[in-house]
Structures are given as structure tokens and as C-alpha cells.
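Below are a few notes for someone opening this structure for the first time.

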Amino acid sequence: MVAETGSGSKWRLVLSMSLLFMLILQSGHCQKEEEEAKTVVGRKPKTTKTKPGQRPGKSSRSGTPKPRVKAPAPPAAHTYLTQVVNKGKFQKVGDTLSVRAGDTLELRCKGSSVQWGLPPYLEEDDEGRLRTAQHERYGTLTLANSTGADTGEYTCFPMYCEDTECRKEYDKAVKVFIFFPDPQELFVPSEDYYEIIQLRTNWPTVLPCQVTSPGARVTLHREFPPAEVAVDGTEISFNVKRGFTIHRPKPHHAGGLYCVASLGNLRQSSTKYMLIYVNYPMAPPTPVIQASSSSVGQGENLQVVCTVLGEQDVLIDFSWEYPGQQMGRPLYTQDSVRPVGGGAARQQSQSVLLVDEVRDVDQGTYTCTAQNLEGSKSASTTVKVLTTPRSKAKPKPQKP
Ligand SMILES: *[C@@H]1O[C@H](CO)[C@@H](O)[C@H](O)[C@H]1NC(C)=O
């Protein structure tokens with residue numbers, strides 16, 4: 001993304017906000033708009049620390065979940081992964097594993113060159129708790145001071161090397177889903193008070209309320225009107241490694257939902273999920289760009305118009321790249337949407353970039369990028385700046 005200057009960025013902000021607003025309107029649920037500022041769409045849990053008071057319905061009573069090691073799954077052709085349970089004691093790892101939060105996880109993976117795949121937030125920042133090492137016959141992964149947030153999928157990829165080139169052997173990867181039961185936190189902590197999730201027809205939607213204990217009982221609930229949502233395993237199903245999946249979203253699934261986990265005396269609610277039903281476009285937009293003139297004299301005004309013809313009620317977000325950008329040349333954009341006549345539900349979205357009193361630095365390539373929920377496409381045009389004002393210069397045969 002290129003940084004934007006001037007009121008172009010203001011317009012973009014307004015557009016992004018109106019997109020969010022439209023999404024909420026389409027869902028028919030306008031409650032809790034005041035919390036929008038906190039919302040992050042599709043964000044993964046990032047911190048291991050839980051902020052106090054972040055989640056509703058939390059109880060500080062602790063039923064201590066027993067850390068359990070599930071019986072190892074029947075070994076595949078090659079079982080590479082073992083857990084180091086005690087000094088010199090190894091245990092074959094099955095499909096899932098539980099390690100009490102606070103303990104150190106130590107895995108070994110057979111192979112002279114292996115790489116590890118981690119839950120996304122650990123990939124970003126392990127706070128120095130993670131160490132991997134390669135020995136002659138095996139690789140090790142050690143995760144110290146574990147927390148419930150470390151819950152997720154751990155993968156060992158044997159590497160196939162030829163000369164100096166190595167690549168992961170995906171078909172020989174060994175995966176284990178590791179739970180870190182935390183007596184205080186039944187759910188993997190989330191940074192966000194609530195998450196917005198888009199429901200899209202015929203696309204399975206996941207409510208990722210991930211528990212830290214495989215033994216927790218998890219139910220799904222609707223905020224308004226308050227009710228438990230039936231989980232029949234067909235329309236909606238639950239998987240302890242993923243959360244709830246709505247297999248074929250319909251508009252009636254929209255609204256505020258949350259999960260409740262109970263284990264022993266402990267009962268906790270997850271982050272809230274705002275499910276929003278979205279009209280998806282068929283394809284990314286196809287912008288067409290045109291400058292008012294391909295060559296302008298210094299001091300004249302220039303307009304570059306970017307137009308998208310598309311489906312109705314599908315918002316297009318425009319962004320611009322232009323020659324004077326790095327110098328902080330403030331340009332202005334005017335965006336508009338209007339329906340296109342003639343039966344078919346289509347609309348024309350347009351962004352006009354206005355360059356007042358053109359200078360040398362404005363010569364070059366202008367690129368407009370149009371984005372909708374399906375993707376983005378760009379279009380470019382070049383503009384030449386004539387050194388002497390055109391009014392005084394001899395007319396040049398310039399245009400093709
Ligand atoms: C684990 O926690 C202890 C106590 O808070 C700390 O002293 C130690 O440095 C931590 N270890 C790692 C690897 O972060």
C-alpha cells in the first residue's frame with residue numbers, strides 16, 4: 001500500500017467507514033456501533049496476556065482441569081513426532097496433546113533437517129519463549145512458560161535438500177494439535193472485545209472460539225434475543241480444534257453471537273462475534289482511467305478520472321498513486337456513485353483526482369486501484385507536463 005496524502009486519504013477513510021456502515025446496515029443490526037472503533041476484522045489473537053475485564057461472564061473460580069495426554073493415534077507409516085515428557089523419557093504424539101499451561105513443551109521430530117509450523121500468533125512473536133534446534137538425527141522445539149494462547153496446530157516439516165536448495169516436504173509433514181489447559185482461561189484469549197465476521201452465501205463461516213481444554217463443553221449463544229443456538233452438526237457444527245462452523249450461511253444467521261465454555265465449576269464466555277451478511281460481488285472491479293489531457297502546461301489544471309461499472313450495492317474503494325506523492329503534493333479526489341439506467345442493477349463508481357496548477361513534479365504515471373470484496377485491479381495512464389505554459393508555447397502535435 002502506498003501512503004496517501006492530502007484529502008485523498010480523508011476520502012478513503014470516509015469510504016472505508018461507509019463500507020463498514022453498509023455492512024452493518026445489510027445485516028440489519030445496528031446495535032453496538034459505539035464499539036466499532038475497537039473492531040478488527042479477522043484478527044488473530046496476538047498477545048498471551050488477557051486484559052482484565054475484557055470478556056464478559058468470566059468467573060475467577062477455578063476448577064482445575066486435569067492435563068491429559070490422549071492415547072497416541074495409530075502410528076502412520078512414519079511417526080516422527082515425540083514429546084519429551086521427562087528427562088530422557090519420550091512419548092509418541094498422536095493427533096492431539098494437552099500440556100498444562102505454564103509447563104514447558106518439548107517436541108522432537110525425526111529427520112536430519114526439519115522445520116516447524118506454529119500457530120499464527122507464535123509465528124509473529126514468541127516473546128523469546130520458543131527455541132528450535134537441529135541435531136544430527138532430529139529437530140527439537142521447546143516452548144517455555146506456555147499459556148492457553150499457545151493452543152493450536154504444531155507441524156513438523158521434513159526438509160528435502162538438493163545441493164543448497166531446500167524445500168518443505170508437505171506430504172510428509174506431521175501435525176499435532178496441542179491444547180494448553182489453563183485453569184483461569186477456558187478460551188484462547190483474544191485481543192479484541194469483539195470480531196466482525198462476514199457471512200457469505202454458500203461459504204462456510206467459522207466462529208473461531210478456540211478452547212484451551214479439549215474437555216470443555218462448548219455451546220453457541222445469540223445475544224438478541226438471548227438464546228442458545230441449536231448445533232445440529234449439519235447446518236452448524238462444532239470442532240474442538242476450530243470452533244463452530246456455519247456451513248451454508250443465510251441472512252438469518254446474522255447478528256451477535258458468542259460461545260460459552262464450561263468445565264468443572266468454571267463457565268466463561270468467548271469474544272463476541274458480529275456476523276454480518278454480505279452481498280458479494282461476482283468479480284474484482286475493472287477500472288478504466290482517463291486523464292483530461294495526456295499533456296498539460298505548467299499552471300494548468302489536470303483531472304484524472306477512474307471509473308468502474310459494476311453491480312449495484314457493491315461498494316468500490318479507490319486509491320491513487322501519482323508522481324508528486326513522495327513530495328507530499330496535496331491532490332484532491334472526488335468520489336461518486338450513480339446508478340446506471342436500463343433494467344440491470346448496475347452502478348457507476350467514479351473517483352476523480354484533481355491536480356490544480358500543474359508543476360513539473362506532476363509529470364509521470366497516474367495509477368488508480370479499485371477494490372471490492374472480491375479483490376482489486378489497477379489502471380494507469382501517463383501525463384506529460386510541458387515546460388512552458390501551453391498558451392504561450394507553439395501548439396505541438398502531441399496527441400496520438
Ligand atoms: C519463564 O518465566 C520465568 C518466571 O517468570 C522467567 O524467569 C523465565 O525467564 C521465563 N523463561 C522464558 C524462556 O521466557
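1. A polar contact is a pair of N or O atoms within 3.5 Å. The model is predicted, and in it a polar side-chain atom of N145 lies 2.2 Å from an oxygen atom of the ligand.

2. Which residues are around the ligand? They are G128, R129, A144 and N145. The protein buries 30% of the 360 Å² that the ligand exposes when taken alone. Sorted by class, this shell consists of one nonpolar, two polar and one charged residues.

3. Four strands form an open sheet with mixed pairing, in the order β22-β28-β27-β24. Its edge strands, β22 (295-297) and β24 (317-321), each pair on one side only. On average, neighbouring strands of this sheet are turned by 30° against each other, direction ignored.

4. In what sense do β22 and β28 pair, parallel or antiparallel? The pairing of β22 with β28 (residues 375-386) is parallel and runs over three bridges. S295 has K384 of β28 as its bridge partner. In general, strands of a sheet pair through backbone hydrogen bonds.

5. With sulfur atoms within 2.5 Å as the cut-off, the count comes to four disulfides. One of these is formed by C109 and C156, whose sulfur atoms are 1.8 Å apart. The torsion about the S-S bond of C109 and C156 is about -80°, so this disulfide is left-handed. Because C109 lies in strand β5 (residues 105-110) and C156 in strand β9 (residues 152-162), the pair ties together parts that are 47 residues apart in sequence.

Notes:
Residues are numbered from 1 along each chain as its sequence is written. This is a predicted model: local features need pLDDT of at least 70, side-chain atom pairs count only at pLDDT 80 or more; totals for chains, interfaces and linings use all residues. Side-chain values use heavy atoms; hydrogens and water are left out. A residue is near a molecule or strand if one of its heavy atoms lies within 4 Å of it. A polar contact is a pair of N or O atoms within 3.5 Å; within protein, one must be able to donate a hydrogen and the other to accept it, and residues adjacent in sequence count only if both atoms are side-chain atoms. Accessible areas come from the Shrake-Rupley method with a 1.4 Å probe; for residues, only the protein chains shown count as cover. Ala, Val, Leu, Ile, Met, Phe, Trp, Tyr, Cys and Pro count as nonpolar, Asp, Glu, Lys and Arg as charged, and the others, Gly among them, as polar. Two strands pair if DSSP finds at least two bridges between them. Helices (H or I, at least four residues) and strands (E, at least two) are DSSP runs, numbered from the N terminus. Axes are lines fitted to C-alpha atoms, for helices over the stretch in contact, and angles run from 0 to 180 degrees between N-to-C directions.
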